[in-house]
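Work through the exercises below with the sequence and the model at hand. Each task is followed by a solution in steps.

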Amino acid sequence: MTTAVGAETARKPATMAQALGRALRDAMAADPSVHVLGEDVGTLGGVFRITDGLAEEFGEDRCTDTPLAEAGILGTAVGMAMYGLRPVVEMQFDAFAYPSFEQLISHVSRMRNRTRGAMPMPITVRVPYGGGIGGVEHHSDSSEIYYMATPGLQVVAPATVADAYGLLRAAIASDDPVIFLEPKRLYWSKADWSADAPEQVPPIGRAVVRGPGSGGRRSATLISYGPSVPVCLEAAEAARAEGWDLEVVDLRSLVPFDDETVCASVRRTGRAVVVHESTGFGGPGGEIAARVTERCFHHLEAPVLRVAGFDIPYPPPMLERHHLPGVDRVLDAVARLQWESEWTEGSAV
Amino acid sequence: MTVLEQPGAYRPTPPPGWQPRVDAAPLLPDAEPYRLLGTAAAAGISPDLLTRLHRELVRGRRYNTQATALTRQGRLAVYPSSTGQEACQVAAGLVLEDRDWLFPSYRDTLAAVVRGLDPVDALTLLRGDWHSGYDPHTHRVAPLCTPLATQLPHAVGLAHAARLKGDDVVALALVGDGGTSEGDFHEALNFAAVWHAPVVFLVQNNGFAISVPLAKQTAAPSLAHKAVGYGMPGRLVDGNDAAAVHEVLAEAVRRARGGGGPTLVEAVTYRIEAHTNADDATRYRPDSEVEAWRAHDPIALLEEAMRDRQLLDDEGVRAARESAERLAADLRTRMHQDPVLDPMALFEHVYADRTSQLREQAAQLRAELDAEAADAGEGE
């Protein structure tokens, strides 16, 4: 991991997309075994321009435009990893990754286990994911539960510019396969950040508390990741006016899951809401709510609630704002957390 | 007549400056499978190669019958026999240099053994004590692959990576006729051709994908014809002629190593046994068909050709059979010993470092095992 150098380094607004591109560039410069491959990643620089300039700087052998075939892209990456390379694969959009699922589930995730450690799969699969950019069908899916349900994969989703850089460097350096979920609608979010002195980022598998609460009487933990983190931070700000003290836990990594940080926060606040874009039924929130309930039952003042996308195929762009969990839906859930004092039987959940 | 010249072939109006990428004719396979044994050219094959092929064919047949017997004795969960296809297996196992890589499917245990794998280690997947019984790097044999054709893109990626690193390594990938219908077959061949990767694809066309015959699998004139669409040569070879398979593969390997790109080889052979011990082959093919193929046996073909050239006599046959019996006896002895399994190994190598969740689950299993051991102790 790159460490901060030179306090005088200028920090200026940078987008998440720029930080991701810089992470790829720095990883390729630091390690000649890092190879980027995917559809349009070379000459075009990726449809989101994340790989812009890499083919020019490192050559087409290191940043390769492949035939349009996701199973082939990931399958050849397996062979490249077998020969000691570190492939970074781009799946152009979330739903475009589905043809590669057999390679992912039958080989990428299991090769280390199958060969008793002899053949690790240091593959990073970058998946621009989630909605909110007005994409047409197959361009806005949140597929994280499929990845989470597959042992052997790590699943991470950055929510900040600094995390985008730090987690991508960590993913590429990891000896295990990482599904790197890039929240498309945060690609153009900006933060003061310096590529020359990137912030220290906790390793994969560690959540962080953003906007810690003071543990007052009306306190709760919002558990989230990726594109829903800014929504939760905004909700926390809005809730302050209502007398609520909300802690936002940014998971950063869904697998491995940081029970410790999540449960420490819930024990402090006594209430929890899980927020994500993907479907609620069978979604990540169910797993997270169950884990929290099992570990923090005696600290809970209310059931763990979920604010998720509806259980529908991802809607057309003109309707997606009704589907995506927004600040109001999070605040409604927070209001329902006043279980003992204000909740009444028969209210709609 | 090339495919593009055939009546009714699809001919879009070409855009200005459009040219066919390659002349298709040199990519097309010969109409008849290539044969060596029984032809005049057989006189030119090196005696040493024939002797090696013969010895491995005889041992391979015995390995197949022994492993099949072990399934009946409950020592193997399943064994997909390659009896009748040994020529393909032996040629694939012998044709590569040490630095090259073999990518086998679940039916290609024998090719891995011929390449040098311990016969017991090669059966680990099929016995069920682990998913793979060997370090792939030791003999440069990828794990036996169960999903169909998914090992083919791996072979392409490895060969491509080796070439990028400046190593003259060739990958040989094995697949069956059924596997050619899978998307991964198409994607692997397409990537290999576009990347000009040093890969050889060997399709063992053994007639059936479990019960589905080739006629219901493809409408192509042959599986080797598929090569033309990718822009690589296709070769059709008699899969029961060990010398012919070896020669065609050796030529493809040389071509790949020399920078000539990939080749698709279709070896026409036959699966004498059922798909596995769980299959009833009498439901989908007549005995007469099996008998016809038994008459075209790879060992008999080779022995006849070698006797013609005085390269083999009864003594030579007996020596090969004795070697095969020693292999079978060793396999029986070792496979009749129960493997020692450590349940705690379940948590090893899921990730480089155990997650906290796996640490908890490992502790749970440890406690269960300790309790079992304590109960067993009390019962004594």
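**Exercise 1: polar pairs and salt bridges**

Across the interface of domain 1 of chain A and domain 2 of chain A, eleven residue pairs are in polar contact, both residues at pLDDT 80 or more; a polar contact is a pair of N or O atoms within 3.5 Å, where within protein one must be able to donate a hydrogen and the other to accept it, and residues adjacent in sequence count only if both atoms are side-chain atoms. The model is predicted: local features need pLDDT of at least 70, side-chain atom pairs count only at pLDDT 80 or more, and totals for chains, interfaces and linings use all residues. Residues are numbered from 1 along each chain as its sequence is written, chains are lettered from A in the order in which they are written, and side-chain values use heavy atoms, with hydrogens and water left out.

Task: find how many salt bridges there are between domain 1 of chain A and domain 2 of chain A.

Solution.
1. Look for a side-chain nitrogen of Lys or Arg within 4 Å of a carboxyl oxygen of Asp or Glu.
2. Arg210(A) and Asp163(A) form a salt bridge through their side chains, at 2.9 Å from N to O.
3. The count between domain 1 of chain A and domain 2 of chain A is three.

**Exercise 2: area**

Task: state which residues in domain 1 of chain A lose the most area to domain 2 of chain A.

Solution.
1. Buried area is the accessible area (1.4 Å probe) that two parts lose on being put together, summed over both.
2. The two domains of chain A bury about 2000 Å² between them, with 58% of it on carbon and sulfur atoms.
3. On the side of domain 1, the residues are Ile145(A), Met148(A) and Arg185(A), together 24% of what that side buries.
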